[in-house]
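Work through the exercises below with the sequence and the model at hand. Try each task before reading its solution.

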Amino acid sequence: MLVMSSSPDATTLNVQTMTRPRQGNPLRTAPNLLTLFRICSIPVLLGAVWERHFGLAFGLFLLAACTDAADGLIARWLRQRTLLGQYLDPAADKLLLSSLFLIFTFMKILDPRVALIVFGRDLGMSLSAAIVYKLVGVRDFRPTWLGKANSFSQVVAIGMVLLSLIDPRPIILAARQGALNTTILLTVLSGFHYAWVVSQRIDAAAERDSSQTP
């Protein structure tokens, strides 16, 4: 029952309360549900790799890659972009790829140097972002185009590794090595490029602060 008040402010507040749209749970949006599915599939995928069911692992990985592409498209089509999704989606990608690089290294399927380079870049970027945010207050850490290319190359490399474990023909082994070499190159280049872009953003923030200072 709506209690009416003689005060105009109270009446306005009651009307606003009734007409204000409800904010839905961001976890229930279609893009975020796909991302959660991708996260939940990681233990199953890792278990398939560990048990050497590489055909199953390859199929699960392709499904995860498809959900990664689909959630962004659905978010734009249905206008369901959320702040949670902006953080959850790249975190899911990192967790998926890093876990696979790690288990491949542990099972001696990949050269440890590959995982070292990949993890070293991600750790360096995370630490630098935290330090820059703490000292300067810059929050703009969007991925660069080289960073996106590197993420795509990692997906291709992992896919080729799984495919080579199913069908180790020379052409597939050569494609696997090419994908891994590309990933290593893009990992190094994107790390340096990211550092340069962040320095540019820091300079721009400093210029804005100085122009606003009376």
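Predicted model: local features only at pLDDT ≥ 70, side-chain atom pairs only at ≥ 80, totals over all residues.

Residues are numbered from 1 along each chain as its sequence is written, and side-chain values use heavy atoms, with hydrogens and water left out.

**Exercise 1.** Find how many salt bridges the structure holds, and describe the one between Asp 68 and Arg 38.

Solution. Step 1: apply the criterion, a side-chain nitrogen of Lys or Arg within 4 Å of a carboxyl oxygen of Asp or Glu. The structure holds 7 salt bridges.
Step 1: in the pair Asp 68 and Arg 38, the N to O distance is 3.5 Å.
Step 2: locate the partners. Asp 68 is in helix H3 (residues 54-77) and Arg 38 in helix H2 (residues 30-50), so the pair ties together parts that are 30 residues apart in sequence. Helices here are DSSP runs (H or I, at least four residues), numbered from the N terminus.
Step 3: look for further links. Arg 38 and Asp 68 belong to a network of salt bridges with Asp 89 and Asp 93.

**Exercise 2.** Decide for Asp 68, Arg 38 and Arg 113 whether each is buried, partly exposed or exposed.

Solution. Step 1: recall the classes: buried is under 20% relative accessible area, exposed over 50%, partly exposed in between (1.4 Å probe, protein chains only).
Step 1: Asp 68, at 24%, is partly exposed.
Step 2: Arg 38, at 1%, is buried.
Step 3: Arg 113, at 58%, is exposed.

Conventions. Helix = DSSP H or I, 4+ residues; strand = E, 2+ residues; numbered from the N terminus.
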